[in-house]
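Please keep the sequence and the coordinates at hand while reading.

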Amino acid sequence: MTTLPVLTLYDTLRRHKTPLEVLRPNHVGLYVCGMTVYDFCHLGHARVMVTFDTVVRYLRERGYEVTYVRNITDIDDKIIRRALECGESIQSLTARFIDAMHEDEAALLCRRPDLEPRATEHVGAMQTLIGELINSGHAYAAANGDVYYAVRSFPEYGRLSGKSIDELTSGARVDIGEDKRDPLDFALWKAAKPGEPSWASPWGEGRPGWHIECSAMSADALGCAFDIHGGGADLQFPHHENEIAQSQGAGCAFAHYWMHNGFVRINDEKMSKSLNNFFTVRELLPRYSGEVLRFFILSSHYRSPLNYGEEALEQAKAGLTRLYTVLRGMPGRKIVAELGSEWRERFHTAMSDDFHTPAALAVLFDLTREINRLRDEGSEVAAPLATLLRELAGVLGLLQQDAEDFLRGDETNTHWIEERIAARAAARLARDFAGADGIRQELTAAGVILEDGPGGTTWRQG
């Protein structure tokens, strides 16, 4: 049996890698900030989905029981504006984009989180938390009906992001309509405006601010202290910084570790809706399968920038094709533990080092070369190693479909392709080699790659 190496992760708060020490035996509580559902998911959202789905898969592979929570923000300024623009209710808008999010998630081969709390379902818990912060002196109700967090009441504010109070003060401002005591303070509760959804509260009709929802929902789902809080790097400040101030200000230990995945970049700029340089998942799916997009995301370490480009996506497609090709026609064979021990050890060494998926993929490619070598030699060891390849790749959410199905892609033209292959075989039999070459070129132009072997001709999408 393979002895698993110590699992380390990079903690954003500590700013170094540290061994994972769980708060409850053999259990990991993971809370990830999810999507604000007013539009389709873009590639940045896809990276969050795939990153933490892979983290959960690997933790479970190591034998941990994981409670994976990813919230849904279904009330927000952007949602209110978009509903007005679309002429539909907020409930209709958010339901539509929640369904779309789940479709994109499934396409990327991500499993659903164990819990998906929605902000609108936890307003009462948010109000309770706000009341506790007021009572402890960390928040105050303003005359205009808003409630604000008093940032200077929390001395450790800025520790997660590495920002000092003085640095933050220089860029702070008070917007029209705000009634803050200090420009740094942020809203916990917003007084109702005409036409906006609202809830009754001790401070009057209104709705929660964005930051308070995650403090309330994480505590409800995982308790006052839990193991890992995750999300995109763009949330590190101010969202996660504010969550710490809120939760710890109310006496909660909160998250033990912080994980942040890096930005997706296009032409050396961060991809974002505000810059209008983003691609939605469903825009990319007609050209690249969800598994190719997943492979592309995993080919970079989760903390590194992910550089989007057609060339990078084509490389991901070629890499995944190479892995599937070695599985083609390979019968399943039981793995002898001793046989796979070296590969398992290397794979776990990679993944135990802060979930280093590029290094884990390198192990899979090395294993692919070994399988090809053994198959060329006629060795019976090739088949069980192919089974191991599929098993290890499965920890990353890859190589779980039939190799032929992947390599042939969209089979709407299968009948025509098979007819042309049969015509080529007949031309070769009749020694009409020019005609046979013409058919190959015709298929190549259609994106079909032929592979002639002792057992006949096979094909795959190029």
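Leaving aside its neighbours within four places in sequence, which residues is alanine 187 in contact with? They are Val147, Tyr148 and Gly209, where contact means heavy atoms within 4.5 Å. The model is a predicted one: local features need pLDDT of at least 70, side-chain atom pairs count only at pLDDT 80 or more, and totals for chains, interfaces and linings use all residues. Residues are numbered from 1 along each chain as its sequence is written, and side-chain values use heavy atoms, with hydrogens and water left out.

Alanine 187 belongs to strand E7, residues 186-191. Strands (E, at least two residues) and helices (H or I, at least four) are DSSP runs, numbered from the N terminus. Alanine 187 has a relative accessible area of 19% and is therefore buried; buried means under 20% relative accessible area, exposed over 50%, and partly exposed in between, with a 1.4 Å probe and protein chains only.

E7 has strand partners on record in two directions of the sequence. E6 and E7 run antiparallel and are joined by 3 bridges; two strands pair if DSSP finds at least two bridges between them. In this pairing valine 147 stands opposite tryptophan 189 in E7. E7 is also joined by 3 bridges to strand E8 (residues 206-208), again antiparallel, and there tryptophan 189 stands opposite proline 208. Strands of a sheet pair through backbone hydrogen bonds, either parallel or antiparallel.

Aspartate 146 sits in the loop between strand E5 (139-141) and strand E6 (147-149). A salt bridge is a side-chain nitrogen of Lys or Arg within 4 Å of a carboxyl oxygen of Asp or Glu. Aspartate 146 does have a polar contact of 2.9 Å with the side chain of tyrosine 148. A polar contact is a pair of N or O atoms within 3.5 Å; within protein, one must be able to donate a hydrogen and the other to accept it, and residues adjacent in sequence count only if both atoms are side-chain atoms.

Elsewhere, a parallel open sheet is formed by 4 strands in the order E4-E3-E9-E10. Strand E4 (65-70) and strand E10 (254-261) stand at the edges with a single partner strand each, so one side of each is left without a neighbour in the sheet. Neighbouring strands of this sheet are turned by 25° against each other on average, direction ignored. Strand E3 (residues 27-32) and strand E9 (residues 225-232) pair in the parallel sense over 3 bridges, and leucine 30 stands opposite isoleucine 228 in E9. Helix H6 (residues 210-222) packs on the sheet, touching E3, E4, E9 and E10, and its direction makes about 155° with that of E3. Here axes are lines fitted to C-alpha atoms, for helices over the stretch in contact, and angles run from 0 to 180 degrees between N-to-C directions.

The salt bridges come to a count of 30. One of them joins the side chains of arginine 287 and glutamate 310, at 2.6 Å from N to O. Arginine 287 lies in the loop between helix H8 (281-284) and helix H9 (290-298), and glutamate 310 in helix H10 (residues 310-327), so the pair ties together parts that are 23 residues apart in sequence. Arginine 287 is partly exposed at 43% relative accessibility, and glutamate 310 is partly exposed at 35%.

Aspartate 452 forms a salt bridge with arginine 440, the closest N and O atoms being 3.0 Å apart. The pair links distant parts of the chain, arginine 440 being in helix H16 (residues 433-445) and aspartate 452 in strand E14, 12 residues apart. Aspartate 452 also bridges to arginine 428, with the closest N and O atoms 3.6 Å apart.

The chain as a whole has 16 helices and 15 strands. Of the 462 residues, 51% count as buried.
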